[in-house]
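Hi everyone, thanks for making time this morning. I'd like to walk you through one structure, going from the overall fold to the core and then to the aromatic rings.

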Amino acid sequence: HWPSFCSNKSPRIVEILSKNIDKIAWDSLSSNNSDTAVRFLIEHHSDKINSLNFSMNTNVLAIDYLYTHPDKILWNQISFNKNLYSLKLFKKYYPNTKSVRLCDKKLVVLAKYFTRGEDFQVKDTTSSQNHQIFDY
């Protein structure tokens, strides 16, 4: 039941997880998009981040972490990230990546950006609620 528990969005989750480090399902916690869970991972257990799940995490804090730690980005997974804020990763790093398979919707947005030369605006914030989420 720990994988399900680690996906819980309650702010109190960290309090319980801190006392049960050996039981944490790191892959499930890496998917948890609550600010509390993402901060806990980044600030205390960044070595335990599951890059596969964290690359798809829609939380702005997770995306900001990946922005400063591009070695943790799994490009095939980040292309499925439903938060448009993740485009800032492509803006900075995509021209330097090789053979990245992107999901169709992200590819369309990127194609528009790169072919028209438009600068897409990315609003920096600590809450993912202000960012448009793709509806797949």
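Of the 136 residues in this chain, 43% count as buried. Please keep in mind that this is a predicted model. As for contacts between residues at least 6 apart in sequence, 44% join residues at least 24 apart.

Now, the core. In soluble globular proteins, nonpolar side chains tend to be buried together. Here the largest nonpolar core has 30 residues, and the members touching the most others are Leu-17, Leu-29 and Phe-54. Which helices supply at least two residues each? They are α1, α2, α3, α4, α6, α7 and α8. The largest share, six residues, comes from α6, which spans 60-68.

Let me stay with Phe-54 for a moment. Its relative accessibility is 0%, so Phe-54 counts as buried. If we set aside neighbours within four places in sequence, Phe-54 is in contact with Ser-30, Val-38, Leu-41, Ile-42, Ile-49, Ala-62, Tyr-65 and Leu-66.

On to the rings. How many aromatic pairs does the structure hold? There are two. One of them is Trp-2 with Phe-5, with 5.1 Å from centre to centre and 80° between the planes, an edge-to-face arrangement. Both residues lie in helix α1, three residues apart, about one turn of the helix. Phe-5 is at 23%, so Phe-5 counts as partly exposed.

The rings of Phe-54 and Tyr-65 have centres 5.9 Å apart and planes at 80°, so this pair is edge-to-face too. This pair links distant parts of the chain: Phe-54 is in helix α5, residues 51-54, and Tyr-65 is in helix α6, 11 residues apart. Tyr-65 is buried as well, with a relative accessible area of 7%.

Lys-88 lies over the face of Tyr-67, at 4.3 Å from the ring centre.

Definitions and conventions: Residues numbered from 1 in each chain as written. Predicted model: local features only at pLDDT ≥ 70, side-chain atom pairs only at ≥ 80, totals over all residues. Heavy atoms only, no water. Core = buried A, V, L, I, M, F, W, Y, C linked by side-chain atoms within 4.5 Å. Buried < 20%, exposed > 50% of the residue type's maximum accessible area, 1.4 Å probe, protein only. Helix = DSSP H or I, 4+ residues; strand = E, 2+ residues; numbered from the N terminus. Contact = heavy atoms within 4.5 Å. Phe/Tyr/Trp six-rings, centres within 6.5 Å; stacked < 30°, edge-to-face > 60°. Lys NZ or Arg CZ within 6 Å of the ring centre and 35° of its normal.
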